[in-house]
Amino acid sequence: MSQNFLNYIGGQWIPARSGRTFTNLNPATGAALGEFPESGPDDLDAAVRAARAATRAWQLTPAPKRGELLYRLGALIAQKKEELARAATREMGKILLETRGDVQEGVDMAYLAAGEGRRLYGFTTPSEMPNKWAMSLRVPIGVVGVITAWNFPFAVPTWKIFPALLAGNTVVFKPSEETPEMGWHLAKLFEEVGLPAGVFNVVHGNGPNVGWPMVQHPGVDVVSFTGSNAVGTKIATEGARLGKRVSLEMGGKNGVIVMDDADISLAANAVAWGAFGTTGQRCTATSRVIVHERVHDELVKLVTQRAQALKLGDGLLEGVEMGPLVNARQLERVSGYMKVGAAEGAKVVAGGARASGEGLNSGFFFQPTVLTNVQPGMRVAQEEIFGPVVGFVKVKSLEEAIAVNNDTPFGLSSSIFTANVNAAFTAMRDLATGIVYVNHGTTGAETHLPFGGTRGTGNGHREAGHTMLDAFTEWKSVYVDFSGKVQRAQIDNN
Ligand code: UN1
């Protein structure tokens, strides 16, 4: 049963001006889920105008009131969690257990951002002159453009949209065209809690026709992007040219280090979950295991067993443990890396091909895959595959393990399994990623800690956590002189 969905612009539900639509597909079954507006630059422009028109009144709404609205939104999301999770599984493919987590992360973010409404702290500090007061405060920037990926169709948009709104900005959101329904749901939820018209707008469509015009639009002050490194770099370049702020969250090539004193069964469970959970389509997914030679064979054996035991299928069905890849392009991409790995000398010990069989043939399923004989410089050890593929790199020492971990173009998440406190603290200090786990896999970041990474993963920003407002606010310093004189700081002080 296919439904027609619309853009949400200035509080109105409207089709693309061209009248064109695109079809949202279920990657597990190939079924059509709905028609969405295939918008263009004119639709985007209408949304930016609506957002601009709404900025003043929204900025003048007291921050605690903006926070209360987010609080009500969080409660509503919690109430509709199951319905939202089912919709997310239908259009994205990951299993219900995981889409429930995705939606819960949105609830967590709503409450976290809501609380910030009664803080939004600035600083007061003494002036260097007598009878003068000095302080600094955060101020909103204006209109924030949000472009997100499909793998966390609910959580990741909320990391951007909720702090941006709480700070007093208005938002234009382009959801991924792979998961448009979650963007539509978010607009519905905002409408239901009574967000003023124009404060939040959704424009559906693809990168070239909506995303790129958003980056270039003079009415958009900040672009917050989650997606590939190639697109992010292009946005950053254009943002620099236009003098606008760009916050980027891009890929990962996350490693789990397993030392010879580790709990190997725990490490194997964590690797299997990190590598095959979300079908490997997380920017935090475990894609390398950097393992001490003494425990290499045992760990490979355990992870292989877990990979081969996973039940694949439609994520809505009871008992299914791994869903499909999101589309044919991803299936092709992951399959392509099998050839790359083979040519480089990696060995497939589990999986390695498209999965077929009952319930799998109409979807984009790929077998959970374990590669061994992986050398640190191989493409399969350097490039983000974004599928259920994990490669084993054998090392002789902690020092070597850390060096291998750090030697990739990305720096999002890393992990060490060890029982040795000295090794754990050395790793905490030396693993050069934005997130480090000890005795825990590479996924599972919590919303109240900063999220982001070094090198090619980002451009220095962190989402969520106590850093959540940084990308969406400017600092304003205010001086109040009540001396009745012309006081010249620096000069009169001499
Ligand atoms: C992502 O893959 O883009 O830490 C986000 C995690 C999740 C978020 C992943 N909480 O794995």
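Visitor: What is the relative accessible area of Glu-68?
Guide: Glu-68 has a relative accessible area of 29%, so Glu-68 is partly exposed. Buried means under 20% relative accessible area, exposed over 50%, and partly exposed in between, with a 1.4 Å probe and protein chains only. This is a predicted model, in which local features need pLDDT of at least 70 and side-chain atom pairs count only at pLDDT 80 or more, while totals for chains, interfaces and linings use all residues. Residues are numbered from 1 along each chain as its sequence is written, and side-chain values use heavy atoms, leaving out hydrogens and water.

Visitor: Which residue forms a salt bridge with Glu-68?
Guide: Lys-65 does, with the closest N and O atoms 3.3 Å apart. A salt bridge is a side-chain nitrogen of Lys or Arg within 4 Å of a carboxyl oxygen of Asp or Glu, and by this rule the count comes to 22. Glu-68 and Lys-65 are separated by about one helical turn because they are three residues apart in helix H2 (residues 63-79). Helices (H or I, at least four residues) and strands (E, at least two) are DSSP runs, numbered from the N terminus.

Visitor: And Asp-45, what is its salt-bridge partner?
Guide: Asp-45 pairs with Arg-49, the closest N and O atoms being 2.8 Å apart. Asp-45 is partly exposed at 22% relative accessibility, whereas Arg-49 is exposed at 58%.

Visitor: Where do Glu-82 and Arg-100 lie in the chain?
Guide: Glu-82 and Arg-100 form a salt bridge, with the closest N and O atoms 2.8 Å apart. This pair links distant parts of the chain, 18 residues apart: Glu-82 is in helix H3 (residues 81-92) and Arg-100 is in helix H4 (residues 96-116). In a separate network, salt bridges that share partners join Lys-65, Glu-68 and Arg-118.

Visitor: Turning to the ligand, which residues are around it?
Guide: Among them are Glu-105, Trp-159, Arg-282, Cys-283, Thr-443 and Ala-445. A residue is counted if one of its heavy atoms lies within 4 Å of the molecule.

Visitor: Which residues make the nonpolar surface patch?
Guide: Val-421, Phe-425, Met-428 and Val-438 make a patch of about 360 Å². Patches consist of residues with over 30% relative accessible area and no salt bridge, joining like charges within 9 Å and nonpolar side chains (Val, Leu, Ile, Met, Phe, Trp, Tyr) within 5 Å. Helix H14 (residues 421-430) gives the most, with three residues, and Val-438 is in strand E20 (residues 435-438).

Visitor: Which residues does Pro-376 touch?
Guide: Not counting residues up to four places away in sequence, Pro-376 touches Ala-381, Gln-382, Val-393 and Val-404, where contact means heavy atoms within 4.5 Å. Val-404 is one of the buried residues of helix H13 (residues 398-406).

How values were computed:
Areas by Shrake-Rupley, 256 points an atom, 1.4 Å probe, with all protein chains shown as cover.
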